[in-house]
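Subject: Structure handover

Hi,

Here is the structure we talked about. Please open it alongside this email.

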Amino acid sequence: MPWLDALVQGLLLGGMYAQYALGMALMFGVMRIVNTAHGDLMVLLALMGVSLAGALAVGPYVVIGMLVPIAAVLGWLLQRLVLNRVLGNDPLPSLIATYGLSIALQNLMLQVWSADTRSLPGDGLEFDSIALGDLFVGVLPLQIFIAALLMSAGLDLTLRYTAFGRALRAASADPEAAAITGVDPRRVYAAATALAVGMLGVAAVCQSLRATVSPADGPAQLIYAFEAVIIGGMGSIWGAFLGAMVLGVAQAIGFRLDAGWGILSGHLVFLAVLAIRPQGLMSRKN
Amino acid sequence: MTAMPPPLPWLLSTHALDARYGDFQALFGIEFSIAPGEVVALIGANGAGKSTLLRSLMGLLPVASDMVRFDNVQVGGCPPHQMVQRGVAMVPEGRRLFTGMSVEDNLRVAIDQARRPAPEQNVPLWTIERLHALFPILKDKRRTPVESLSGGQQQMVAIARGLLSQPRLLLCDELSLGLAPLVIREIYAALPGITAAGTAIVLVEQDVALACRASNRLYCMLEGRITLTGRSADTPREAIARAYFGAGHAVA
């Protein structure tokens, strides 16, 4: 049973990683914009959520309801004020701009929230579990997993079947051709980044319920999101979900082998995928 | 040169249009006009400025607002997505389809963003069905990713995508480039069906004979300037050759 338990816990952990990875799948996988401030934005939103919950004495669902619109506005501003100015075939300008933003955000968060670790009280939600045969499954991780599943489905369907999704895919394939077909690429990009960061609002609340957050946590979360997107395959939303599952399971099994090996075994699986199938698990041949 | 015609009948006209890429001036004082339903050919050697002129009409190159009038409104420098809303669409050089997307999704992008003409204008709208009648192959290939189509099929998708914007003016850059003669004939055979509904077409074309046959009027460009304009049917070949190669060159 311990391995089945590790598998289940790994999938549930993967649900958390999928939530970080979805915004990354949209920005990096589809739009080909490297946003190295992705993790820091998540931490910023998490700390804002903790403060909001403390100040207003509201529960986690209300915090999600308040945080997602704030996150979407932050994403829209990020694209309008920073990323739309560095668009082009070269990914380096966006990498440098967001790297600078990442450092600035970390220092800003240290100033405002200090280096303490914080978490969001879940009104007992974090201690509930249900028994599945011999396994005990946490209610909160299960909710996080289901939320990740629903968000992946929603994002995938949005990209495939809505006018916005088609315009975004067109603008990502060829911005100039999209513009002569009536798409305003900058507006579509701003909406897409608002969506990507908006989803981080959900991830931020889940992360601060499930574990703790502190201002320097961003880069580690960024790595998980990158790894999930690359394991799954660029441009594929379900690929990013699958990549997050692979990462979660690899870490959970690693933790079972030795408490020090968890994070490492996730990275090793990532490197193995890069070596064996560099286009990712769900990418079309290319 | 004839006297300036009254401005009203023109769908699009340029006045003293200059365009530059950084420090390099690519167009000099272009006077170009096209009437509704007209096919105008734009010929000239490589680097003469044909594509640059087309790009500045589409809003892809910055020009001063008074240099381009469309429907009697100054539109110079309007971004391309706004030009689409006014009724200008483009079939760009090299097709520039949205790779990774199916034929149908490529066309749906244009449908999603299309201009909505006023109903009282009473022009038949382009629909997927009408385009399937124009290019039947698009129906069989509608689920196919565009990158696996042949060049001719891709060109048909590019034309269909342009038409689904419901343009009043379609700018076509090198429709025949890299295509087999039979395919070129099929594509050019579709043009009368497009202009019949009042849509005007600018054809940038390397093949001068083809351009003359397919158009009502022609402009010839050389080194960023218009060197000749006239009716395609009765412009002498020698005049075209002089305008095409410049006065200093021997006429072949």
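This is a predicted model: local features need pLDDT of at least 70, side-chain atom pairs count only at pLDDT 80 or more; totals for chains, interfaces and linings use all residues.

**Where the chains meet**

Start with chain B. It puts 24 residues in contact with 15 residues of chain A. Three elements of chain B each supply at least two residues to the side that touches chain A: α2 (80-86), β8 (88-91) and α3 (103-113). Of these, α3(B) gives the most, with six residues. By class, this side of chain B has 13 nonpolar, six polar and five charged residues.

**A helix crossing in chain A**

Next, look at α3 (residues 60-82) and α8 (residues 185-210) of chain A. Their axes come within 6 Å. They cross at roughly 145 degrees. The crossing of α3(A) and α8(A) is right-handed. Their contact has 21 nonpolar residues, five polar and one charged.

**A covered helix**

Now go to α6 of chain A, residues 163-173. This helix is mostly covered, with nine of its 11 residues buried. Which ones are buried in α6(A)? They are A:G165, A:R166, A:A167, A:L168, A:R169, A:A170, A:A171, A:S172 and A:A173.

What do the buried residues of α6(A) pack against? Within chain A, they pack against α1 (2-30), α5 (139-161), α7 (175-179) and α8. From chain B, α3 joins in.

Best wishes

Conventions: Residues are numbered from 1 along each chain as its sequence is written. Chains are lettered from A and ligands numbered from 1 in the order in which they are written. Two residues are in contact if their C-beta atoms, placed from the backbone, lie within 7 Å. Helices (H or I, at least four residues) and strands (E, at least two) are DSSP runs, numbered from the N terminus. Ala, Val, Leu, Ile, Met, Phe, Trp, Tyr, Cys and Pro count as nonpolar, Asp, Glu, Lys and Arg as charged, and the others, Gly among them, as polar. Axes are lines fitted to C-alpha atoms, for helices over the stretch in contact, and angles run from 0 to 180 degrees between N-to-C directions. A crossing is left-handed if the near helix is turned anticlockwise from the far one by less than a right angle, and right-handed if clockwise. A residue is buried if 20 or more other C-beta atoms lie within 10 Å of its own, exposed if 12 or fewer, and partly exposed in between; C-beta atoms are placed from the backbone.
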